[in-house]
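Hello,

Here is the structure you are taking over. My notes follow below it; please read them with the model open beside you.

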Amino acid sequence: MTSARPPAGERAAAREPWHAAEHVLRFPRTLPGGATELRWRGAALMGVVNVTPDSFSDGGATYAAEAAVAAGLRLAAEGALIVDVGGESTRPGAAAVDADEELARVLPVVAALAERGVVVSVDTRKPLVAERALAAGAALVNDVSGLRDPRMVAVCAAAGAPAVIVHMRGEPATMQQDPRYDDVVADVGAYLAAAAGRALDAGVPSVVLDAGIGFGKTVEHNLALLHATPRLAALGHPLLVGASRKSFLGRLAGVPEPKDRLAATLAAHLHAARRGAALLRVHDVAAHRQALAVAAALDGQEDAPERRGSGRG
Ligand code: HH2
């Protein structure tokens, strides 16, 4: 990760302001309506729907399928580019859910959202769940175990589905027990670059990279990774950041209740967006849309000084 000359992605990012930077994901076969790519500028939003009784962030509010579908449709209407449907909590200390249970939770929700034209990602570590969710209409796979299981790579390649590769140290049950790295940014970057190379070589059409905020990381590790957004974005694939409501924000801002961490989340996500994150995984889509619109307008003033002072305010 260290070199005297910045890599090409970093030079391009330096030329283009974050809100004008274009990102592309290729979907040869799985996008609703037959389109083959998603293309956007700046930071787009992935809205979270947890079809679980025990997620740390929303505590079962969308465990029932009807509630989950309604939440997914609302997030899409509020401006989420992708809606992420998960049936297993991966909060620190969470126990694994078996595949039959996970399938029963996610498949009806994935199918109902996809039928209504929503671009759905399935948040799963299990190749079988990914395969069935893709068959039910999901467009991409979000794997918090970072494509560790080679069968997950094979499933995405066979379906022509992009994959989100998340760095996670260990397993959710134990990942927060004394996590250590030689150099967290270099270690995570090297893992993501290697996993992306393997996936693309095996025929996965495109990948999104995610440093895995909170997945086997201390507060300092999370801060270092967020600060290193330009370096991770320079790996050359859209970078996803998922800090929404996470406990390190609660620790930093003194907010014990996850649902009360929206302001802390916005601070972290705006920092990442302004430094090149292409996607933000969020529980609160409408609030992020507002914050990103204002940040983009303000940063856009640097490119258009002649417009300063015109318009009504
Ligand atoms: N975080 C969570 C789950 N999935 N996926 C990606 N790509 N990045 C993340 O940071 C990420 C993720 C954990 O958040 P949440 O889904 O709200 O909680 P839980 O795992 O308890 O359901």
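Notes on the model

Asp178 is found in the loop that lies between β7 and α6. Please keep in mind that this is a predicted model. Asp178 has a phi near 55°, which is a positive value in a residue other than glycine. Its relative accessible area is 48%, so Asp178 counts as partly exposed.

His167 has its place in that loop between β7 and α6 as well. Is His167 buried or exposed? With a relative accessible area of 7%, His167 is buried, because the cut-off for buried is under 20%. The side chain of His167 also makes a polar contact, at 3.1 Å, with the side chain of Lys217.

Strand β7 covers residues 163-166 and runs parallel to β8, with 4 bridges joining the two. Within this pair, Val166 stands opposite Asp210 of β8. Together, β7, helix α6 (residues 184-201) and β8 form a β-α-β unit, and that unit is right-handed.

Strand β8 itself spans residues 207-210. Val207 and Leu209 point one way from it, Val208 and Asp210 point the other way, and all are buried. β8 also pairs with strand β9 (residues 239-241), in the parallel sense and over 2 bridges. In that pairing, Asp210 stands opposite Leu240 of β9.

Asp210 comes up again at the ligand. Which residues come nearest to the ligand? Of the 19 residues around it, they are Ser55, Ser57, Ser89, Asp210 and Lys246. By class, this shell is made up of 6 nonpolar, 8 polar and 5 charged residues.

- Lys246: a polar side-chain atom lies 2.7 Å from an oxygen atom of the ligand.
- Asn142: a polar side-chain atom lies 2.8 Å from a nitrogen atom of the ligand.
- Phe56: a polar backbone atom is 3.1 Å from an oxygen atom of the ligand.

How much of the ligand's accessible area does the protein cover? On its own the ligand has 470 Å² of accessible area, and the protein covers 99% of that.

Arg245 sits in the loop between β9 and α9 (247-253). Phi of Arg245 is near 60°, again a positive value in a residue other than glycine. Arg245 counts as buried because its relative accessibility is 10%, and the limit for buried is under 20%.

Two other strands pair in the antiparallel sense: β1 (residues 22-26) and β2 (residues 37-41), over 5 bridges. The side chains along β1 alternate.

The last item is Leu279, which lies in strand β10 (residues 279-282). Its relative accessibility is 1%, so Leu279 counts as buried. Leu279 and Met46 are 233 residues apart in sequence, yet their C-alpha atoms are 6.6 Å apart in space.

Regards

Definitions and conventions. Residues are numbered from 1 along each chain as its sequence is written. This is a predicted model: local features need pLDDT of at least 70, side-chain atom pairs count only at pLDDT 80 or more; totals for chains, interfaces and linings use all residues. Side-chain values use heavy atoms; hydrogens and water are left out. A residue is near a molecule or strand if one of its heavy atoms lies within 4 Å of it. A polar contact is a pair of N or O atoms within 3.5 Å; within protein, one must be able to donate a hydrogen and the other to accept it, and residues adjacent in sequence count only if both atoms are side-chain atoms. Accessible areas come from the Shrake-Rupley method with a 1.4 Å probe; for residues, only the protein chains shown count as cover. Ala, Val, Leu, Ile, Met, Phe, Trp, Tyr, Cys and Pro count as nonpolar, Asp, Glu, Lys and Arg as charged, and the others, Gly among them, as polar. Buried means under 20% relative accessible area, exposed over 50%, partly exposed in between (1.4 Å probe, protein chains only). Two strands pair if DSSP finds at least two bridges between them. A crossover is right-handed if, with the strands pointing away from the viewer, the path from the first strand over the helix to the second runs clockwise.
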